[in-house]
Amino acid sequence: MPATGSSRSSSSKTEPRLSFSLSPHIDQVGVEERASRFTTRSIKKEAKQNGLRLVLNMIDLTTLEGKDSEGKVKQLCYKAMHPHDALPGLPTVAAVCVYPSLVRTARQALGNSGIKVASVATAFPSGQAPRDIKLRDTRYAVNEGADEIDMVISRGKFHAGEYNFVFDEIAAIKEACGEARLKVILETGELGTYDKVRRASDIAMHAGADFIKTSTGKIQPAATMPVTLVMLEAIRDYYFKTGRMVGMKPAGGISKSKLALHYLVMVKEVLGEAWLSNEWFRFGASSLANDVLMQLVKEQTGIYQSSNYFSVD
Amino acid sequence: MAVQKKKQPRRSNTIKLKFDTSWTYAPAPESRSVAQIAPEYDLFINGTWQKPSSGEYFDTINPADEKVLSRVAAANEKDVDKAVSAARQAYDKVWRRMPAKERAKYIFRIARMIQEKARELAVIESLDGGKPIRESRDFDVPAAANHFFYYAGWADKLEYAFPNRQCSPLGVAGQIIPWNFPLLMAAWKIAPALATGNTVVLKPAETTPLTALKLAAILQEADLPPGVVNILTGAGATGAAIVNHPDINKIAFTGSTEVGKLIQRAIAGTPKKATLELGGKAANIIFEDAPIDQAVEGVINGIFFNQGHVCCAGSRLYVQESVAAEVIRKLKHRIETLIVGDPLDKNTDIGAINSRQQLDTIHRYLAIGKKEGAEMYESSCALPRKGFFCRPTIFTNVAQSNRIAQEEIFGPVLAILTFRTDDEVIEKANNTPYGLSAGVWTDKGSKIFNMTKRLRAGVVWANTFNKFDPTSPFGGYKESGYGREGGLHGLLPYLSLR
C-alpha cells in the first residue's frame with residue numbers, strides 16, 4: 001500500500017521511496033457505471049429542499065479572474081452572506097474563494113459572518129513556479145487572512161513520476177499554511193486516467209492535505225462524477241487506514257442543482273453522515289448558487305422565476 | 001463553521017462509516033395507475049381468450065403487500081391439448097409457410113409494442129414479482145424488447161447463420177419459464193422460436209403470470225396469426241402436461257435443476273429435443289491485484305441483483321486472503337447503503353422476495369449457515385411489516401463443505417470463502433455440480449485468459465458481472481443444463497440442420 005516507505009532494492013543508496021505507484025488501480029468501466037448509478041436516485045419533496053439547502057451551505061463562491069477587483073469581491077461577499085433575502089432563513093455559503101491579492105478585501109467584507117475566506121495560491125492555476133515563490137504566495141495569502149488555501153500540484157513532475165517532489169511540495173505548503181486548512185487541487189483534467197487520479201489523491205492525503213480538490217476550473221474536463229467517486233473512495237481508504245478525515249471539493253462544471261444533488265447522493269452513499277457538512281465537503285462553483293436558489297424558490301412557491309429575480313454578482 | 005480540530009482515532013480497523021444520515025430520501029413511488037390489470041385472466045389459445053376446461057382459477061399476489069392482484073386460469077391436460085393442436089395447425093398451415101421476412105415483421109412489431117408499453121409492463125412486473133422498479137424499468141423490459149429485435153433480424157438470414165446447411169424448424173415448442181425474470185424469459189423463449197419458424201405453447205410461472213398475459217394481449221394486437229403463440233397459466237401439473245404431450249417437438253425449460261431432471265426423465269426415449277437452463281452457484285473470484293472498489297460493487301450486483309433470484313448470481317465469493325479483510329469490510333459497508341423496501345419506489349435497490357415459499361427457503365438456509373458455524377452479517381435496515389422481505393446477508397468463515405457454499409439459495413445471501421493460489425481457486429470454483437457462470441476480478445489481462453480457459457462455466461465475466469446481451473449466448477455446464485439461448489447459438493435448438 002502506498003504509505004509504506006520501501007525502496008526498490010535494499011542495496012540501493014537512494015533515500016526510501018514512497019511507493020505511490022502501488023496505489024490501487026481503478027477499473028474505468030466499473031467506476032463510471034457506479035457513478036451513473038447515483039444519478040438514478042430520485043430526490044423529491046423535502047429530500048430535495050433539505051438537499052438544496054445543504055448544497056448552498058457547501059458552496060465555495062468563487063471568482064478567479066484577471067479582472068477581479070475589490071468592488072467585485074465585495075459584492076460577491078455580500079451575496080455569500082445574503083444569498084437571496086427574498087427567501088428568509090437560508091443558510092450562507094461556506095466560503096468565498098479569491099486570488100491572494102483580494103483576500104484582505106474579502107476578509108473585511110465578510111467580517112464575523114462565519115464564512116471562510118479561501119485563497120488559491122502556489123502560482124495558480126498552472127503551478128509552474130519555483131517552490132520558494134509558491135511558499136511566499138501561500139504565506140502572503142495566510143497573512144492577509146485566508147482561512148483556507150487552495151494549492152495546485154505540480155502536474156508536470158507528477159507525470160514524470162517524481163512523486164517525492166510532489167509529496168514534498170505539498171508537505172512544505174502545508175507547513176506554510178499554519179492554521180489554515182489546505183485544499184490540494186489535483187487538476188484531474190490534466191491527469192488523464194483514473195489510476196493517476198487515485199495516485200495523486202493518495203500522495204496529497206499522505207502529504208497532509210485537509211481537502212483534496214478536483215480542478216482549478218481553468219481546464220476541461222473539470223469535476224466529473226466518476227473522478228469525484230475515485231477521490232471519495234481514496235478518502236475512505238485513507239480514513240480506514242489512518243483514522244484521519246480528509247475533505248472533498250469537486251470544482252468546475254457543476255452549475256445545476258440536479259447535478260449537485262447527485263454529488264450529494266454520492267457523498268452520502270460512499271462516506272456517509274460524517275462528510276455531509278461543509279466542514280468536509282464543498283462545491284467549487286460560481287453559478288451553482290443561483291440555480292439552487294431558483295429551485296428553492298420554486299419548491300416554496302411552486303413557480304420557476306426568471307433568472308432576472310436572482311442577483312448576478 | 002469554525003475549523004474544528006477534533007481528536008480523531010488513529011489506525012483503527014474498527015472504524016465504521018455511518019450511513020444512517022440526517023439527509024434522507026423521500027419516498028418516490030412509481031404510479032400504479034399506468035398498470036391495467038384485469039380482475040381475471042383466461043387462457044390464451046389460438047389467438048383468443050378461452051375459459052379453462054376445469055373452470056379453476058388461482059390468485060396471483062403482490063409479494064410486497066400480499067394483496068391479490070388478479071385471478072388467472074389453471075390449465076389442465078385438455079387445455080394443453082387444445083393449445084398444442086392450435087399450435088400444430090398454425091405451424092402447418094401458416095407459420096412455417098410464411099416467407100421468413102414476413103415472420104420477421106411480426107417479431108419486429110412485437111418488439112416495438114413492448115417498447116411502447118414499457119412503463120406499464122415494468123410496473124406490472126414489479127407488482128407481480130416484487131423486483132425493484134429500477135430493474136424492471138431499466139433492465140427487464142428493455143432487454144425483452146431487445147431480444148425480439150435481435151431475433152427479428154435473424155429470421156430471414158438463417159442461411160447465413162449456418163452456411164451450406166439447410167435449416168428447417170422443428171414444429172411445436174413447449175416452453176416453461178421461471179418467476180425471476182418473467183417477461184424477459186418469455187422473450188428469450190418466444191423470439192428465437194418464432195424467428196426460426198416454430199410455433200409455441202408457453203407456460204409462465206405460477207407466481208408471476210401477469211406480464212406474460214400482457215404479452216399475449218400484445219401478440220393479439222400485433223395481429224400475430226392465431227395459434228402461433230399460446231400462453232397457458234398454471235402450476236407444475238400444467239407444465240408436466242406440456243412436457244408429456246406427444247405432439248410437442250421441443251421443450252425449452254428454465255427453472256430448478258430438480259424439475260430439469262424430471263423433464264429429462266420424462267422425455268427420455270421420445271424424439272423431443274430439449275434445452276434446459278437450470279440452477280447455479282457461481283464463483284465470483286477477486287484476486288489481490290483487482291480494482292477492489294469496482295470488484296466490491298460487482299460482487300454486490302452479482303448477488304443482490306433481483307434479490308438474488310438469478311440463476312447465474314455470484315453466490316460464492318472467493319477472495320484472495322491478502323485482500324479478504326479489506327473486501328469484507330467494504331462489502332459490509334456497502335450493504336448498509338442498499339435500500340430494501342417497496343419495489344415500486346424508484347430508490348429501492350432490493351425489493352420483495354418472490355413468494356412466501358421462497359422466503360422460507362432462504363430463511364432455512366440462513367439457519368443452516370449459522371448452524372454450520374459460518375459468521376452471518378446482515379444489513380441493519382428495517383424491513384416493511386407486510387410482504388416477503390429479506391435483508392442483504394453475507395456469510396464469512398465459510399468452508400467449501402458448508403451447504404451454503406454448495407447449494408443454490410436463490411436469495412440475497414452471499415457465501416465468502418478465501419483462497420491463496422490460482423490453482424486452488426480454480427479447483428474450488430469448479431468443485432460444484434453446477435456450471436452456469438463465474439466472475440474474475442483482476443487488473444492483469446493474462447490472468448483473465450488463464451482463468452476463463454479453466455473455469456467450467458457457460459459464462460465467465462471479467463471485471464464485471466451479470467451483463468446480458470441478446471447477441472451473447474447463455475447457458476450452462478453440468479447440472480446447470482444444456483443448450484444455449486441468445487446469439488447465433490440460440491437459433492440452433494429450434495432448428496434441424498441438414
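The model is predicted. Chain B contains 15 helices and 20 strands, and 39 residues of chain A are in contact with 33 residues of chain B.

**Contact between the chains**

- On the side of chain A that touches chain B, the elements giving two or more residues are helix H1 (28–38), helix H2 (45–57), H9 and helix H10 (257–270) of chain A.
- H2(A) supplies the largest share of that side, with six residues.
- By residue class, the side of chain A that touches chain B has 15 charged, 13 nonpolar and eleven polar residues.

**Nonpolar cores**

- The largest nonpolar core has 101 residues, and those touching the most other members are Val55(A), Ile59(A), Val96(A), Val184(A) and Ala204(A).
- Helix H9 (residues 225–242) of chain A contributes the most to this core, namely ten residues.
- Another core, of 88 residues, lies apart from the largest one; Ala145(B), Leu184(B), Ala187(B) and Val200(B) are among its members.
- Leaving aside residues up to four places away in sequence, Ala204(A) touches Ile153(A), Ile170(A), Val184(A), Leu186(A), Ala209(A) and Ile212(A).
- As background, nonpolar side chains in soluble globular proteins tend to be buried together.

**Overall form of chain B**

- The radius of gyration of chain B is 23 Å, which agrees with the value near 23 Å for a compact globule because the rule is applied to 498 residues.
- Taken along the principal axes, the box filled by the C-alpha atoms of chain B is roughly 80 × 50 × 40 Å.
- Buried residues make up 55% of the 498 residues of chain B.
- Of the contacts in chain B between residues at least 6 apart in sequence, 73% join residues at least 24 apart.

**Seven-stranded sheet of chain B**

- Seven strands of chain B form an open sheet with mixed pairing, in the order S14-S15-S16-S13-S12-S17-S18.
- Strand S14 (375–378) and strand S18 (459–462) of chain B are the edge strands, each pairing on one side only.
- On average, and with direction ignored, neighbouring strands of this sheet are turned by 20° against each other.
- Five bridges join strand S13 (residues 316–320) and strand S16 (residues 413–419) of chain B in the parallel sense, and Gln320(B) has Phe419(B) in S16(B) as its bridge partner.
- Helix H11 (residues 321–336) of chain B runs at about 135° to S13(B) and lies across strand S12 (283–286), S13, S14, strand S15 (393–396) and S16 of chain B.
- Helix H14 (residues 422–430) of chain B runs at about 145° to S16(B) and lies across S12, S13, S16 and strand S17 (437–441) of chain B.

**Packing of helix H8 of chain B**

- In helix H8 (residues 236–244) of chain B, the buried residues are Thr238(B), Gly239(B), Ala241(B), Ile242(B) and Val243(B).
- These buried residues of H8(B) pack against helix H1 (77–95), strand S7 (172–176), strand S8 (199–203), strand S10 (250–254) and helix H9 (257–267) of chain B.

**Strands S1, S4 and S5 of chain B**

- Strand S1 (residues 40–41) of chain B runs parallel to strand S5 (residues 67–73) of chain B and is joined to S5 by two bridges; here Tyr41(B) stands opposite Val72(B).
- Strand S4 (residues 57–62) of chain B pairs with S5(B) in the antiparallel sense over six bridges, and Asp59(B) has Arg71(B) in S5(B) as its bridge partner.
- Four residues separate the strands in the hairpin of S4(B) and S5(B), where Glu66(B) takes a positive phi near 65°.

Definitions and conventions
Residues numbered from 1 in each chain as written. Chains lettered and ligands numbered in written order. Predicted model: local features only at pLDDT ≥ 70, side-chain atom pairs only at ≥ 80, totals over all residues. Core = buried A, V, L, I, M, F, W, Y, C linked by C-beta atoms within 7 Å. Buried ≥ 20, exposed ≤ 12 C-beta atoms within 10 Å, placed from the backbone. Contact = placed C-beta atoms within 7 Å. Nonpolar A, V, L, I, M, F, W, Y, C, P; charged D, E, K, R; others polar. Rg over C-alpha atoms; globule rule 2.2 N^0.38 Å. Pairing = 2+ DSSP bridges. Axes fitted to C-alpha atoms, helices over the stretch in contact; angles between N-to-C directions.
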